Amino acid sequence: MEFIKPAKLQAGISGNMEAAVKALIEANVQQRETNQLLLQHVMALQAAGASHHVHDARKAVRAAIPKMTPADDVETYLAVFEKVAVREKLPCDQWAEVVAPFLASGPQQVFFDLSDDQAADYDTVKGEILARLGVNVLVRAQRVHQWDFKTTDPARPQYYDLLHRLQKWLQPELLSPTAMLDRLLADIFWRALPYPLQHWIGQVSPTNALEMVDLVERYEATRNLQGSLAGKGSVKPRRPLPQFRRPATERPARNIPPASPPPVVCWRCQEPGHIRADCPHRDEPMEVNYGGRHSLYARRLCDRHPRDNRQSSSVPGASRG
């Protein structure tokens, strides 16, 4: 009987172990490759099924909603579209692309104005459409306060109308109960303020009720400070600015009415109203000429002189005056 030496035995065992390990490694690699192929095949099937489902959902949504007209309310139309999209299990990333062709020209312009990434987000598109139409939180709150019960209409539709207005204003699907309470508190607080303070806070646009309270406190502190300074007289009035006067050469000419001419005074008798040639106080009868040029005012004034009567009797035709 031939005995195997220990060294050869150990070498044989080592060689068998290495071969076995190598075989196991190769089998493991093959199994991983097989699993990878199976996973890719499953993912391809899922993608095909999902694509088929998305295609069917898009067709169902498009068949369920009509084309928007200019007379339709945008908020109501988008709300109906959202309900149909949820019912048909349309993925949210497909909403903007599906609803875009059905919008009217005004809301549809939003897609051309936004970037590609923004136009693909339905919430961004919806917010921009409502913002351009002037629909914001204040407008929705005003719609709630304008609601009034009409005795001529059924009660149930009016109830749901009020419910929809409240839901659009408080947005319970987006806000937490604490945020909705804060919005309601801020609205009640703002409506109780005086009108000038309401106008000022409306321009600042606080985001919550505490910011509104801070603004009111700042407004009151500023008004009290101004009142105290005015009472102590520490607020000095401004000095008037010095007036700049142009030089006489640069001053514009003023429209000064022309001065009236001085009255006519006779050089002989120094009485106004006539000239020397028509003076009635002349002693030479030959110089008196009533047929010549004379002033009517001088004739009337000179008639009152005492010497007129004496001279008029010596002049032919004087009695005709």
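Arg58 sits in helix 1 (residues 6–64). Its relative accessible area is 15%, so Arg58 is buried; the classes are buried under 20%, exposed over 50% and partly exposed in between, with a 1.4 Å probe and protein chains only.

A word on the model and its numbering: this is a predicted model, in which local features need pLDDT of at least 70 and side-chain atom pairs count only at pLDDT 80 or more, while totals for chains, interfaces and linings use all residues. Residues are numbered from 1 along each chain as its sequence is written, and side-chain values use heavy atoms, with hydrogens and water left out.

**The chain as a whole**

The chain has 13 helices and 0 strands; these are DSSP runs numbered from the N terminus, helices being H or I with at least four residues and strands E with at least two. Of its 321 residues, 21% count as buried. The chain exposes about 25200 Å², and carbon and sulfur atoms supply 59% of that area, as computed by the Shrake-Rupley method with a 1.4 Å probe. Among contacts between residues at least 6 apart in sequence, 43% join residues at least 24 apart.

**Two helix pairs**

The table gives the axis values; axes are lines fitted to C-alpha atoms, for helices over the stretch in contact, and angles run from 0 to 180 degrees between N-to-C directions.

| Pair | Axes come within | Crossing angle |
|---|---|---|
| Helix 4 (residues 105–113) and helix 6 (residues 122–132) | 9 Å | roughly 125° |
| Helix 7 (residues 137–146) and helix 9 (residues 177–191) | 12 Å | roughly 75° |

Helix 7 and helix 9 are therefore roughly perpendicular to each other. Angles under 35 degrees count as roughly parallel, over 145 as roughly antiparallel, 65 to 115 as roughly perpendicular and the rest as oblique. Val137, Ala141, Gln142 and His145 of helix 7 meet Arg183, Asp187 and Arg191 of helix 9. By class, this contact of helix 7 with helix 9 holds 2 nonpolar, 2 polar and 3 charged residues. Here Ala, Val, Leu, Ile, Met, Phe, Trp, Tyr, Cys and Pro count as nonpolar, Asp, Glu, Lys and Arg as charged, and the others, Gly among them, as polar.

Helix 4 and helix 6 are therefore oblique to each other. On the helix 4 side, Pro107, Gln109, Val110, Phe111 and Asp113 meet Val125, Glu128, Ile129 and Arg132 in helix 6. The contact of helix 4 with helix 6 divides into 5 nonpolar, 1 polar and 3 charged residues.

Notes
Contact means heavy atoms within 4.5 Å.
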